[in-house]
Amino acid sequence: MRVLAAALALAALAGAAHAAPPSGVARATAAAKDARTWRRAHERAILEEFVRFLAIPNVAGDRAGIERNADMLRGMLERRGLAVRVLRQGDAPPIVVGDLAGPAGARTVAFYAHYDGQPTDTLSWRGLPWTPVLRAPSGADLPLPSEAGPPRSGGTTSIDAEDRLYARSAGDDKAAIVAMLAALDAMRAASAKPAFHLRLVFEGEEEAGSPHLAKYMADEPALLRPDAWLICDGPVHQSGRPLLAFGVRGTTSVELTVYGPVKGLHDGHYGNWVPNPVSRLAHLLASLRDEQGEPTIPGFLDEVVPPTDAERAAIAAIPAVESGLRAEFEIGGTEGGGSPLNETLLRPAINFRGLRAGNVGDRASNTIPTEARASIDFRLVPAQTPASVRAHVEEHLASLGWTVVSDAPDSATRVTHDKLVRLEWGAGYPAARTPLDAPFSVEVTRLVAAAGREPVRTPTLGGSVPMYLFQQGPSKPGATTPAIVLPIANHDDNQHAPNENLRLQNLWDGIETFAALFAGLEK
Ligand SMILES: [Zn+2]
């Protein structure tokens, strides 16, 4: 027996010696905990750097301000031991890339954020957009960390996590950059390193519509075609839980003009005989979508890929926000046949942006107007494209007897065609989705949860960003690169608006989330 027991004990020891290294989730949990401890001891230093970064004006069109931001970013990355490349396309705001090399053969995971911000309506701010202010929930201005002296209450956590930092880009999107860099500091303090090639990619003209992003990516495939992307931008879920968005809707738009008589006509003399363009436009618009918002253009839904089981399950798990939103928006009902908000976002949308025809109220006259105009935007889902939407709309209008033109018609065209409509199509781009059950999606979901809170997963944001560009894969033809949106800002951060702000707890949580991902993502 004694021999057997000794043998068992030896075997157990041997087993322990050969135990697997900690899993990604275990590493992530430990890294998030370490990051919290480190952050509590360094809040002032984190905020000091953040405040200096926020004090530099950062509208994409402001060349001098953008260059100062890029310079500061370069310094922030170099101080942390990252290899920095500043990519340029002519006079466009540069993309700043920071690399932390992993072991040979490891994959590259890139974390994207943008350092530019929306132009501001300075007069509407309480204070100034590029003069950062720390403010208590009561609304009282507080001393900035650099001037604040000793901790308020003497504890290790000297700054109230409900305080907010007010400045342009505090939430959108410099917070993500500061959180990533603080997470790296925390990891270094714990002597931990990512197991993969970590790449930070900071764009400087996102708020201007990323006009050079496609060209940057095409010209720098080695740097801008990683194996996977995390797009760190936007606000977390309204419930306050972390959010992972696995896709976005695409977009396109059109301006329609329906033509009536070449001059306004007395409707008593000519009504019922001269076609009324307002009435014709109303019929046209009514043929595009039904009262529930469902597109009724034949063929329009043909390309729509039905939601996967994983997408349906994720939607079902999203906390309900509908009754609160109905009250907030003061609407007595919804479109979509009673479906919850996030389910309706899986469908394409046809939105009437506006109408212009004749006059109303005091300015109304008994006239048949000369033309009627509408402006429409479309939100696309996989696998619709701007070109397929255009083809379906134009075919549909032709089948209803409309003659579609793209320029203003001349007299001969007006006389020879009864139902004449001019379509002016805007630019657009397709939707993008990363499957929720793709290995990278599953890995990221587990690691974000390991940082402490289960993320809300949504298959798609309702809005549009050119995520398809990020998905255009590195090497393998036909393969798409996984891309997931991971925001950290509070949902009420006033992004794009006056008094943009970041709730400090969101910054602290973001640091832990990034630390969990940096430490937990596998090779
Ligand atoms: Zn943004």
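**Zinc site**

I started with the zinc ion in this predicted model. I looked up which atoms coordinate the zinc ion.

Next I checked the angles. The 4 donor atoms subtend 54 to 145° around the zinc ion, which makes the arrangement irregular. For a tetrahedral label, all angles would have to lie between 85 and 135 degrees.

Then I went to the sequence. The donor residues follow the spacing H-x57-D-x60-D. His114 sits in strand S3, residues 108-114. Asp233 sits in the loop between strand S8 (228-231) and strand S9 (243-245). The pair therefore ties together parts that are 119 residues apart in sequence. Are His114 and Asp233 buried or exposed? I found both of them buried.

**Helix H9**

I moved on to helix H9, residues 309-316. Which residues of H9 are buried? I noted Glu311, Ala314 and Ile315. They cover an arc of only 100° around the axis, so they lie on the same side of H9. I recalled the general rule: an α-helix has 3.6 residues a turn, so residues three or four places apart point the same way.

I also looked at the face of H9 turned away from the buried side. That face carries the exposed residues Asp309 and Ala316. What covers the buried residues of H9? The cover includes helix H11 (341-344), strand S18 (432-433) and strand S19 (456-458).

**Five-strand sheet**

I traced an open sheet of 5 strands. Its order is S13-S15-S11-S17-S16, and the pairing is mixed. Strand S13 (349-357) and strand S16 (403-405) are the edge strands, and each pairs on one side only. Neighbouring strands of the sheet are turned by 25° against each other on average, direction ignored.

I zoomed in on one pair. S16 and strand S17 (residues 420-425) run in the parallel sense, with 3 bridges between them. Thr403 stands opposite Leu420 in S17.

**Helices on the sheet**

Last, I checked two helices. Helix H12 (residues 386-399) packs on the sheet and touches S11, S15, S16 and S17. The direction of H12 makes about 175° with that of S17. Helix H8 (residues 277-286) lies across strand S11 (250-259), S13, strand S15 (371-380) and S17. I noted that H8 runs at about 15° to S15.

Technical notes: Residues numbered from 1 in each chain as written. Predicted model: local features only at pLDDT ≥ 70, side-chain atom pairs only at ≥ 80, totals over all residues. Heavy atoms only, no water. Donors = N, O, S within 2.8 Å, 3.2 Å for Na, K, Ca; no water. Tetrahedral: all angles 85-135°; square planar, octahedral: opposite > 155°, others 65-115°. Helix = DSSP H or I, 4+ residues; strand = E, 2+ residues; numbered from the N terminus. Buried < 20%, exposed > 50% of the residue type's maximum accessible area, 1.4 Å probe, protein only. Arc of directions from axis to C-beta. Contact = heavy atoms within 4.5 Å. Pairing = 2+ DSSP bridges. Axes fitted to C-alpha atoms, helices over the stretch in contact; angles between N-to-C directions.
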